[in-house]
Amino acid sequence: MAPSYIGAIDQGTTSTRFIIFDKSGRIVSTAQKPHKQIYPRPGWVEHDPEEIWRNTQSVAAAAMKKRRLRPKDIAAIGITNQRETTIVWNRKTGKAVCNALVWQDTRVADAVAEFQAHGGQDRFRKKTGLPLATYFSALKIRWILNNVRGARERAEAGEVLFGTVDSYLVWKLTGGPDGGIHVTDVTNASRTQLLSLETLAWDSELLNAFGIPEAMLPRICSSSELYETAKFAPIMGVPIAGILGDQQAALFGQTCFKPGEAKNTYGTGCFLLMNTGLRPVPSQHGLLTTVAYKLGKHEAQFALEGSVAIAGALVQWLRDNLGLIAKNSEIEKLARTVEDNGGVYFVPAFSGLYAPYWNTGARGLIAGLTRYANKGHLARAALEATAFQTREVVEAMKADSGIELDVLRVDGGMVENDLLMQFQADILDRTVVRPRTHETTALGASYAAGLAIGFFQDLEELRAHWTTERTWSPQMKEATREHLYRSWKKAVTRSFDWTDDAGPGVEESKARAAKKSA
């Protein structure tokens with residue numbers, strides 16, 4: 001009897017999940033486990049790779065056990081992951097040489113300034129689609145090689161391996177030191193700043209510039225193919241057949257297969273991707289050019305991306321650091337205790353500003369405080385920050401692509417917040433649509449795996465599964481909308497150049513902001 005289900009490992013910034021879907025895309029079983037967020041110094045963010053691996057095994061076993069499923073019931077497994085997070089581990093022992101450097105980590109800010117001094121922030125953008133920033137993997141690898149005793153020598157000798165989280169998990173899942181395969185897919189590779197978008201291969205010029213030995217890098221594969229089978233008990237023998245970085249997986253799960261179709265994911269950060277088709281579109285307005293997906297031997301599809309560092313993480317900060325709420329779901333109730341933001345604006349530049357500014361030296365601030373402001377206004381300002389940042393990205397995307405969005409498809413944990421979704425529609429002046437299946441990131445990874453082994457026939461079958469759960473239409477008056485947005489832009493400019501390690505990108509960011517405000 002043919003398998004009835006498809007699985008996905010969704011390894012995110014704050015937790016790991018294993019989700020099992022039926023052929024219609026309905027969730028039949030799920031398990032989730034958080035992992036520790038490690039902050040050794042201000043701006044440093046780390047994860048323990050071994051904890052992530054233990055949690056992956058745990059949630060896979062738990063989700064299978066809930067429905068009493070056996071490996072033969074699962075057709076294949078896809079993997080989706082937090083991107084850019086950097087792991088270097090020993091080929092023989094499987095032990096990481098240090099904690100994973102998370103995508104939010106800013107310890108390489110000085111290196112960003114150093115590289116910018118010789119060619120500017122866009123020094124490698126033409127080849128990689130990415131500006132110089134603390135965000136991407138290349139400088140994180142370089143930091144590990146330069147700061148962990150013996151790491152560079154072992155890398156040059158081929159004794160240690162680099163991978164983003166997908167690569168690390170596939171290596172572990174397929175045997176680790178006992179024959180595990182060392183691979184990644186094009187979407188994750190495109191976030192390292194070591195991949196040429198033209199060749200979709202590791203680029204020797206980039207490797208030399210960053211001082212990274214090619215011997216430590218994984219083999220680049222498509223996003224949908226049979227890589228190997230799993231080698232541990234709960235899913236023993238199940239094909240691993242899909243890999244997509246989390247935001248590309250959400251784009252795929254939202255069935256944005258045609259140029260101009262876009263989605264926004266509201267998670268730890270906020271990430272808006274638009275499919276641009278078979279050719280990469282260079283950005284002149286602070287966006288990233290990235291690989292959207294590649295299915296087997298078919299040509300790669302590309303995307304424009306607007307990356308916002310802090311979205312749901314701001315709600316988490318209000319919970320953990322200020323104690324304004326006991327759990328994330330309480331933020332909406334608190335925000336509804338006031339009618340508006342009371343003139344308060346919250347710029348969550350905890351790790352600098354990403355799109356469209358790419359200002360490493362920016363830092364978070366709260367503007368517009370008066371004696372009138374209370375915790376309800378602070379909660380509302382925190383939610384509105386995500387929507388304001390999304391509008392900035394949508395405007396940049398229109399400027400780069402010439403395409404005006406009429407509908408924004410949304411997913412991620414924050415889309416459960418009706419107040420936020422209504423404000424998003426209002427500040428964008430566009431319709432916002434939430435699909436029936438909220439877990440589109442895991443769904444996209446399962447779709448990629450299912451296509452590779454024939455569980456799904458084609459993209460049209462996947463598109464037929466996409467259905468709307470709820471729609472929000474704009475209700476705000478134009479004058480109110482523009483007043484709020486102007487005030488937001490004013491607050492953002494106040495956050496620029498807060499630290500001294502911003503590098504040359506500061507002036508570029510200021511000029512870009514001034515142009516957009518004009």
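Mentor: A search of the whole structure, which is a predicted model, finds zero disulfides. A disulfide is a covalent bond between the sulfur atoms of two cysteines. For C270, the closest cysteine sulfur is that of C256, and because the two lie 14 Å apart, the distance is too far for a bond; C270 itself is buried, with a relative accessible area of 2%.

Salt bridges, by contrast, number 32 in the structure. One of them joins R83 to E305, with the closest N and O atoms 2.6 Å apart, and this pair links distant parts of the chain, since R83 sits in the loop between β5 and β6 while E305 belongs to strand β18, 222 residues away. Both R83 and E305 are buried, and the two take part in a network of salt bridges that also includes E84, R191 and D246. R463 and E460 form another salt bridge, at 4.0 Å between the closest N and O atoms; being three residues apart in helix α15, they are separated by about one helical turn. A further salt bridge brings together the side chains of R17 and D10, at 2.6 Å from N to O, and both of these residues are buried.

As for the sheet, it is open and has six strands in the order β3-β2-β1-β5-β14-β13, with mixed pairing, and its edge strands are β3 and β13, each of which pairs on one side only. Strands β2 and β3 run antiparallel and are joined by seven bridges, with T30 of β3 as the bridge partner of I19. Helix α1 packs on this sheet, touching β1, β2, β3 and β5, and its direction makes about 150° with that of β3.

Notes:
Residues are numbered from 1 along each chain as its sequence is written. This is a predicted model: local features need pLDDT of at least 70, side-chain atom pairs count only at pLDDT 80 or more; totals for chains, interfaces and linings use all residues. Side-chain values use heavy atoms; hydrogens and water are left out. Two strands pair if DSSP finds at least two bridges between them. Helices (H or I, at least four residues) and strands (E, at least two) are DSSP runs, numbered from the N terminus. Contact means heavy atoms within 4.5 Å. Axes are lines fitted to C-alpha atoms, for helices over the stretch in contact, and angles run from 0 to 180 degrees between N-to-C directions. A disulfide is a pair of cysteine sulfur atoms within 2.5 Å. Buried means under 20% relative accessible area, exposed over 50%, partly exposed in between (1.4 Å probe, protein chains only).
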